[in-house]
Amino acid sequence: MGSTSRTAPRRAKMDAVSATHEAIVGLPVGLAREDWTGDARFHEYTRAANPVGRTTSLVPVRSFPASLHAGAPTGIIPLDLSGDLAVEGPATSPALLASFVSVRSGEQVRTEPRATSELYVVMSGAGTTVVDDEHAVDWEAGDVVVLPGGCRSTHVATADATLYWVTDEPLLRYLGVAPTERRLRPTLFPAARCAEELARVAADPAAARRNRVSVLLNNADQPQTLTATHVLWAMVGLLPVGAVQRPHRHQSVALDLILDCGVGCYTLVGPRLADDGTILDPVRVDWEAGGAFVTPPGWWHAHHNESGVEAHLLPVQDAGLHTYLRTLDIRFT
């Protein structure tokens with residue numbers, strides 16, 4: 001009995017080896033056996049743990065003037081920083097692509113991005129968007145429209161129109177994937193309702209103590225992230241006359257669209273704060289109505305209005321994704 005119990009584990013091991021051998025022998029004839037070690041690399045931890053700024057390029061501070069779309073013929077104008085970012089295909093940030101879309105009256109533009117979601121800001125004009133040749137929505141200046149992934153859309157202008165269009169196509173390109181389901185319903189945020197909600201927030205006595213006077217746009221299908229789509233975040237903001245907003249930062253990139261402003265509105269941007277809470281050696285980005293600019297993730301930024309008139313902006317960020325990942329890390333001075 002004792003001898004049998006001692007040899008049983010050994011016999012089981014031999015049986016397993018035999019089964020593995022039979023499986024190998026049973027492989028198809030001519031199956032190539034490959035050396036997969038050629039692409040293996042090894043790096044000491046402190047030299048490779050954070051390659052951003054070395055092998056991974058930084059997101060630049062960059063402005064895109066209104067002249068890019070002013071009077072432009074019908075077509076799509078990508079705000080492309082793929083060369084600076086060293087990524088494939090058009091991209092304004094590693095995850096997002098912003099574009100100006102010009103549609104002359106009576107003409108049309110078709111869009112079919114490989115993206116999980118799209119956001120359109122109607123900067124001027126009016127028209128209709130037909131989705132999948134089945135559903136249509138009319139829009140006018142100031143409206144914001146979000147669409148789910150996989151949409152085939154035709155945008156027809158009834159008056160010369162300019163749209164600001166943001167998708168997460170670069171993110172999907174990097175992952176090598178395509179959308180497989182629609183994660184939200186098409187949604188229109190009407191200009192009149194946006195203005196009404198912003199006016200209500202601005203009239204609140206507590207508004208003067210807040211870092212931002214703004215309204216966030218939320219699709220009902222995003223009850224956790226409270227964002228416009230599950231990836232895209234959007235805000236309609238007011239910069240009051242004389243405002244000097246305290247610096248803040250977040251790990252999402254910001255693609256800021258300036259809706260209207262006077263001369264003397266600007267943003268200070270920089271990676272570090274001085275001891276007094278101001279931005280150390282900042283880059284100044286002057287605002288231009290109808291223009292856009294990129295605020296890099298993790299950089300402190302503060303908005304200033306020395307123009308004598310109110311200004312409005314509409315930033316779009318990948319904060320929906322960062323909120324889901326719990327990495328947004330928004331901070332205020």
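Modeller: L226 sits in the loop between β10 (213-216) and β11 (233-239); helices (H or I, at least four residues) and strands (E, at least two) are DSSP runs, numbered from the N terminus. This is a predicted model, where local features need pLDDT of at least 70, side-chain atom pairs count only at pLDDT 80 or more, and totals for chains, interfaces and linings use all residues. Residues are numbered from 1 along each chain as its sequence is written, and side-chain values use heavy atoms, with hydrogens and water left out.

Colleague: What does L226 count as, buried, partly exposed or exposed?

Modeller: L226 counts as partly exposed because its relative accessibility is 48%. Buried means under 20% relative accessible area, exposed over 50%, and partly exposed in between (1.4 Å probe, protein chains only).

Colleague: And which residues is L226 in contact with, leaving aside neighbours within four places in sequence?

Modeller: L217 and N218. Contact means heavy atoms within 4.5 Å. As for L216, its C-alpha is 8.2 Å from that of L226, and the two are 10 residues apart in sequence.

Colleague: New topic. What is the volume of the largest pocket?

Modeller: About 870 Å³. On a 1 Å grid over the protein atoms alone, a pocket is an open set of points where a 1.4 Å probe fits, with protein on both sides within 12 Å along at least five of seven lines. Grid points are joined across faces, edges and corners, and the volume is the space filled by probe spheres set on the points.

Colleague: How many residues line the largest pocket?

Modeller: There are 28, and T56, V59, S93, P94 and A95 lie nearest its centre. Lining residues have an atom within 4 Å of a point.

Colleague: Which element gives the largest share of that lining?

Modeller: That is α4, with four residues. Both α4 and α6 (319-325) supply at least two each.

Colleague: Where is L175, and is it buried or exposed?

Modeller: L175 is in helix α4 (residues 169-175). L175 is exposed because its relative accessible area is 52%.

Colleague: Which residues other than glycine have a positive phi?

Modeller: D132 is one of them, at about 55 degrees, and R326 is another, near 65 degrees. D132 is in the loop between β5 (117-131) and β6 (135-140), and R326 is in the loop between α6 and β19 (331-332).

Colleague: Buried or exposed?

Modeller: D132 is buried, since its relative accessible area is 11%. R326 is exposed, at 65%.
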